[in-house]
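Please look over the structure below before reading my notes. They are meant for someone new to this kind of file.

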Amino acid sequence: MKKVVLVTGASSGIGEATARKFAENGFAVILAARSEDKLNALAEALQSVTDVHAARLDVTDPASIDAFFLSLPEAFLHIDVLVNNAGLALGLEPAHEAYMEDWETMVQTNIMGLLRVTRRVLPGMVERNAGHVINIGSTAGNWPYPGGNAYGGTKAFVQQFSRGLRSDLRGKAIRVTNIEPGMCETNFSNVRFKWDTEKASSVYQGTQPLSGEDIADIVYWVNSTPAHVNVNTLEVMPVSQTWAPFHIHRE
Ligand code: 8X3
């Protein structure tokens, strides 16, 4: 029987590339995202490769989560790998000018959405004593930057929650990994800058950023290590990105 992977936010970027990677490697895939059109196109493309189930999922909406899990076909009920990829950054304003709605959406998606999906999938993993939860965190959870305020906070949550899961799952054959990408060119900046595509593309100008495929390869690799190996956290940046010294304000 094929192993089953559930990828949230599977309609584009890291999520889409991850779904493709697991499909090419013999996994049955569950594609979940808000955008049904894009999901269906991806499902169609992957159907010749593996078993696919695609369904709409809005992780910010508990009713959508209920409907999604209730409608999982029998063959997809036992989820071996959960990739919690659905997440977003909104805005780059300093905290005193940021929009509360943006903060609310990030918290609902990156924190509450990840919690809701994980809480639904974990009991089955515990019952079968098998599984791997792979969360997509961010370098922003480790390293603050101007305007990263609430986004960075949500990703710091993902890091600490991932560790907490490992503690709760002591003695179980269930793995938990937090992958923390740095600058990765997907729709991330288009979403952050609310489809100001010029502003979004300037983020990557003159660099070779990570791609969704780069991260998908790493997500697949952490799962393909021997079952007794748990990669706790893996932070990844493109070579063109690195740290800066502390900012010192001078009068
Ligand atoms: C993506 C990394 O630096 O754009 O999560 O916030 S960053």
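1. Basis. This is a predicted model, in which local features need pLDDT of at least 70 and side-chain atom pairs count only at pLDDT 80 or more, while totals for chains, interfaces and linings use all residues. Residues are numbered from 1 along each chain as its sequence is written, and side-chain values use heavy atoms, with hydrogens and water left out.

2. The chain. The secondary structure comes to 8 helices and 9 strands (DSSP runs numbered from the N terminus: H or I of at least four residues for helices, E of at least two for strands). With a radius of gyration of 18 Å, close to the 18 Å that the globule rule gives for 251 residues, the chain is as compact as a globular protein of that length. The radius is taken over C-alpha atoms, and the rule is 2.2 Å times the number of residues to the power 0.38. The C-alpha trace spans about 65 × 40 × 35 Å along its principal axes.

3. The ligand. Which residues are around the ligand? They are Ser138, Thr139, Ala140, Tyr145, Tyr151, Pro181, Gly182 and Phe188, where near means a heavy atom within 4 Å. This shell divides into 5 nonpolar, 3 polar and no charged residues (nonpolar: Ala, Val, Leu, Ile, Met, Phe, Trp, Tyr, Cys and Pro; charged: Asp, Glu, Lys and Arg; polar: the others, Gly among them).

4. Polar contacts (pairs of N or O atoms within 3.5 Å). A polar side-chain atom of Ser138 lies 2.6 Å from a ligand oxygen atom. For Tyr145, the distance from a side-chain N or O atom to an oxygen atom of the ligand is 2.5 Å, and for a polar side-chain atom of Tyr151 it is 2.6 Å. Of the 240 Å² of accessible area that the ligand has on its own, the protein covers 82% (Shrake-Rupley method, 1.4 Å probe).

5. The cavity. There is 1 cavity of 30 Å³ or more; a cavity is a set of points on a 1 Å grid over the protein atoms alone where a 1.4 Å probe fits but cannot get out, and lining residues have an atom within 4 Å of a point. The largest cavity has a volume of about 40 Å³, the space filled by probe spheres set on points joined across faces, edges and corners. H4 gives the largest share of its lining, 3 residues. The lining divides into 7 nonpolar, 3 polar and 2 charged residues, and Tyr151 is one of them.

Conventions:
1 Å grid on protein atoms, 1.4 Å probe; cavity = no way out; pocket = protein on both sides within 12 Å on 5 of 7 lines; lining within 4 Å. Polar contact = N/O pair within 3.5 Å; in protein donor to acceptor, adjacent residues only side chain to side chain.
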